[in-house]
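Please look over the sequence and the structure before reading on.

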Amino acid sequence: MVLFQIIKHIACLAACVLLTSLANAAPVRPSDMSFQRRSAGGKRIILWQTTLSDELSSIPGILTAATELTSSSVIKSIANWETKRPQELSKKFLFRPMVRTPEYLSGENWNDLISVVSSQNGSIVHFYNEPERPNISEADAVAKWRENMIPLRQKYGVKLVAPGCASDPDGSKWLQTFMSMLSDSEKPDYINLHFYTLATNPCDQEIENAKSYIAQNHDTYKLPVIVGEIASTSRDIAQVEQFTKEVSNWIDGQDWIAEYGFFGVSTSVADDFVSSAAQMLNSNGAWTDLGKWWIGE
């Protein structure tokens, strides 16, 4: 009996200590948990310009930027509008090859694609980049889709992305026609959307235009979305930053958007249309302030 009372007394003391510890512990707020889950992995794409791989020897800062990218927790994948992975970027990130034009459906480009999808689990393959611009017909694209891309999905289990068209009327019409010619079993796994602002429009207006365009296409095609290219073309860096950050935060909150990439990661502007204020790298290959934000530094 005495032994039983001693054991009972010890058990009571232990319970009191446990309750006191729990009462004094810092509370875990639901918002903190949500933030931690979101920070564990992102859905941003690094749109790594193909020219960067050629500039490695002349601009050493590019390799430094590639190394710094390795520690990012918000970048999910990399793309370069090619079927061959840029070797300077960490294999920590999934590579998203692109069959950019019909010429990529054969030869070395196609062989590079097969090498990627046969060695990388969870491959997502993009098909055609703004095909309405070089006047690739929807019927020809559908024929190539059936001949090459659907067998690729069947053999390697890859996910296929619809052609990435511009957000102007010509691009929207092209995509609509392409999709209408496919049966349900032939449909892509993702819709690919491009969106560039009009530099003359107010930033707030273009933010809402971007959201509306992306959401409307999701509603139209009833498929998950990949925003393959998006950027502000404003020359005002404050407006570029506002557009980039507000749209990114909105996209991060949409579970039907799988991935998205802001243009552009290069040491010089691609053409007169895009804005130097939207550059992720400077001419020395170092991340700009916007680029640092984009990779989560």
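A salt bridge is a side-chain nitrogen of Lys or Arg within 4 Å of a carboxyl oxygen of Asp or Glu. By that definition the structure, which is a predicted model, holds 12 salt bridges.

**Salt bridges between separate parts of the chain**

- The side chains of aspartate 252 and arginine 44 meet in a salt bridge, with a distance of 3.9 Å from N to O.
- Because aspartate 252 belongs to helix 9 (residues 237-252) and arginine 44 to strand 1 (residues 44-47), this pair ties together parts that are 208 residues apart in sequence.
- Aspartate 252 is partly exposed, at a relative accessible area of 22%, whereas arginine 44 is buried, at 7%.
- Aspartate 189 forms a salt bridge with arginine 153, and the closest N and O atoms of the two are 3.1 Å apart.
- Aspartate 189 sits in the loop between helix 7 (169-180) and strand 7 (191-196), while arginine 153 is in helix 6 (residues 138-156), so the pair ties together parts that are 36 residues apart in sequence.
- Arginine 153 is buried, with a relative accessible area of 16%.

**A network of charged residues**

- Glu130, Glu132, Arg133 and Asp168 are linked in a network of salt bridges.
- Glutamate 132 is buried, with a relative accessible area of 11%.

- Glutamate 55 is found in the loop between helix 3 (50-54) and helix 4 (61-69).
- The side chain of glutamate 55 does make a polar contact with the side chain of threonine 267, at 3.0 Å.
- Leaving aside residues up to four places away in sequence, glutamate 55 touches Ile62 and Thr267.

**The buried side of helix 4**

- Ile62, which glutamate 55 touches, is one of the buried residues of helix 4, together with Ala65, Ala66 and Leu69.
- These four residues cover an arc of only 100° around the axis, which means that they lie on the same side of helix 4.
- An α-helix has 3.6 residues a turn, so residues three or four places apart point the same way.
- The cover over the buried residues of helix 4 includes strand 1, helix 3 and strand 2 (75-79).

Notes: Residues are numbered from 1 along each chain as its sequence is written. This is a predicted model: local features need pLDDT of at least 70, side-chain atom pairs count only at pLDDT 80 or more; totals for chains, interfaces and linings use all residues. Side-chain values use heavy atoms; hydrogens and water are left out. Helices (H or I, at least four residues) and strands (E, at least two) are DSSP runs, numbered from the N terminus. Buried means under 20% relative accessible area, exposed over 50%, partly exposed in between (1.4 Å probe, protein chains only). A polar contact is a pair of N or O atoms within 3.5 Å; within protein, one must be able to donate a hydrogen and the other to accept it, and residues adjacent in sequence count only if both atoms are side-chain atoms. Contact means heavy atoms within 4.5 Å. The arc is that of the directions from the helix axis to the C-beta atoms.
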